[in-house]
Amino acid sequence: LLYALSGQVSLNGHHRGDTNTPLALRGRLDSAGGHFALEELTVRVGEGVLRGSAELGGDERRRLTTRLAGEGIHLDFLATARQKEQEQSEPGLALPRLDRLPDINLDLAVDVSDLRIAGLALSRARATLQRSPDGGSLAVTAAGGGGEIALDLKADIDPDGDEELRLDVD
């Protein structure tokens with residue numbers, strides 16, 4: 001069914017939190033050559049905009065590839081909802097679940113200037129996330145307030161299922 005789709009797509013809505021933050025997605029569907037893609041992708045979050053593409057392809061194992069770049073992404077509306085959740089949750093550290101879309105390799109990249117969330121203002125943030133059956137990696141660089149940080153998290157899974165996790169911080 002996915003490979004039969006083509007044409008323009010446009011979705012509009014709001015994140016309904018403490019404020020109604022407008023969200024919009026527009027792009028051109030392309031399904032030629034055994035892949036499904038959103039080309040000329042534009043995602044609006046409030047006044048900010050991300051542009052790029054997303055593609056689902058592959059033969060034996062599907063691969064989701066996304067490339068987005070943008071500016072003026074202000075996500076304070078998400079922080080307010082998270083604060084309420086944290087006030088009602090147990091103390092401790094909750095790691096995000098990485099088992100979503102388990103049978104799909106991931107290759108995601110985002111590059112944003114003027115990113116704001118929960119009182120944190122970054123002039124530039126870049127992140128890549130890659131995942132395969134052999135492991136994955138998350139690389140993040142961020143700059144703001146006169147400084148810069150780089151985090152590189154790698155996970156390897158050997159054929160016996162043993163996992164190795166490494167974190168480098170610069």
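## A polar contact at asparagine 105

A polar contact is a pair of N or O atoms within 3.5 Å; within protein, one atom must be able to donate a hydrogen and the other to accept it. In this predicted model, such a contact of 2.5 Å joins the side chains of asparagine 105 and arginine 61.

Asparagine 105 sits in strand E6, which spans residues 104–117. Its relative accessibility is 11%. Buried means under 20%, so asparagine 105 counts as buried.

## Neighbours of asparagine 105

Proline 133 is 28 residues from asparagine 105 in sequence. In space, the C-alpha atoms of asparagine 105 and proline 133 are 7.6 Å apart.

Strand E6 pairs with strand E7 (residues 120–132). The pairing is antiparallel and has 11 bridges. Valine 112 stands opposite alanine 125 in E7. The hairpin of E6 and E7 has 2 residues between the strands. There, alanine 118 takes a positive phi near 50°.

E7 also runs antiparallel to strand E8 (residues 135–144), with 9 bridges joining them. Serine 132 has glycine 135 in E8 as its bridge partner. A hairpin connects E7 to E8 through 2 residues.

## Histidine 35

Histidine 35 belongs to the loop between strand E2 (20–30) and strand E3 (36–45). Its relative accessibility is 17%. This value is under the 20% cut-off, so histidine 35 counts as buried.

Histidine 35 and arginine 63 are 28 residues apart in sequence. Their C-alpha atoms lie 9.6 Å apart in space.

## A nonpolar surface patch

Ile149, Leu151, Leu167 and Val169 form a nonpolar patch on the surface. Together they have about 340 Å² of accessible area. Strand E9 (147–157) and strand E10 (163–169) each supply at least two residues of this patch.

Isoleucine 149 lies in E9. Its relative accessibility is 40%. Exposed means over 50%, buried under 20%, and partly exposed in between. Isoleucine 149 therefore counts as partly exposed. In a regular strand, side chains alternate between the two faces of the sheet.

Technical notes
Residues numbered from 1 in each chain as written. Predicted model: local features only at pLDDT ≥ 70, side-chain atom pairs only at ≥ 80, totals over all residues. Heavy atoms only, no water. Helix = DSSP H or I, 4+ residues; strand = E, 2+ residues; numbered from the N terminus. Buried < 20%, exposed > 50% of the residue type's maximum accessible area, 1.4 Å probe, protein only. Pairing = 2+ DSSP bridges. Patch = residues over 30% accessible without salt bridge, like charges linked within 9 Å, V, L, I, M, F, W, Y side chains within 5 Å. Areas by Shrake-Rupley, 256 points an atom, 1.4 Å probe, with all protein chains shown as cover. Salt bridge = Lys/Arg side-chain N within 4 Å of Asp/Glu carboxyl O.
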